[in-house]
Amino acid sequence: QVQLVESGGGLVQAGDSLRLSCSFFGRTFASYIMGWYRQPPGKQRELVAVITAGSSTNYAESVKGRFTASRDHANNMVYLQMNSLKPEDTAVYYCAARSYSSDNYDYWGQGTQVTVSS
């Protein structure tokens with residue numbers, strides 16, 4: 001069983017930066033693709049970034065050039081560096097994990113709130 005714990009959310013102003021962290025527990029970290037999702041108020045959850053075990057990344061168009069995902073295999077951590085934050089980035093952010101043999105993200109963190117004021 002995999003457990004994910006996010007941290008790092010908060011209230012910031014437009015243009016500020018935040019770094020979200022996700023701790024991975026329970027299985028072999030390198031066997032999982034990690035994703036960052038977010039759910040804005042009143043909207044559906046959306047994929048923000050994906051990072052493979054080899055640290056290849058993909059991003060939603062809305063965050064390209066502003067957000068950077070990274071992972072630390074020594075400490076089983078995943079990060080989402082968010083720069084030039086905009087009010088529309090306001091959401092609950094979730095860390096998720098899926099094994100290479102799965103089509104779905106099977107494990108989710110509890111979420112962390114990011115609020116960007118204008």
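**Strands and sheet pairing in a predicted model**

An open sheet of four strands runs in the order S1-S3-S8-S7, with antiparallel pairing. Its edge strands are S1 (3-7) and S7 (67-72), each of which pairs on one side only. Direction ignored, neighbouring strands of this sheet are turned by 15 degrees against each other on average; the axes behind such angles, which run from 0 to 180 degrees between N-to-C directions, are lines fitted to C-alpha atoms, for helices over the stretch in contact. Strands (E, at least two residues) are DSSP runs numbered from the N terminus, and two strands pair if DSSP finds at least two bridges between them.

This is a predicted model, in which local features need pLDDT of at least 70 and side-chain atom pairs count only at pLDDT 80 or more, while totals for chains, interfaces and linings use all residues. Residues are numbered from 1 along each chain as its sequence is written, and side-chain values use heavy atoms, with hydrogens and water left out.

Within the sheet, S3 is joined to S8 (residues 77-82) by six bridges in the antiparallel sense; Ser23 has Met77 in S8 as its bridge partner. Strand S3 (residues 18-25) also holds Ser21. Ser21 is buried, with a relative accessible area of 11%, where buried means under 20%, exposed over 50% and partly exposed in between (1.4 Å probe, protein chains only). Beyond residues up to four places away in sequence, Ser21 touches Val5, Glu6, Ser7, Trp36, Met77, Val78 and Tyr79, contact meaning heavy atoms within 4.5 Å.

Attention now turns to strand S11. Four bridges join S11 to the parallel strand S2 (residues 10-13), with Val12 opposite Val116.
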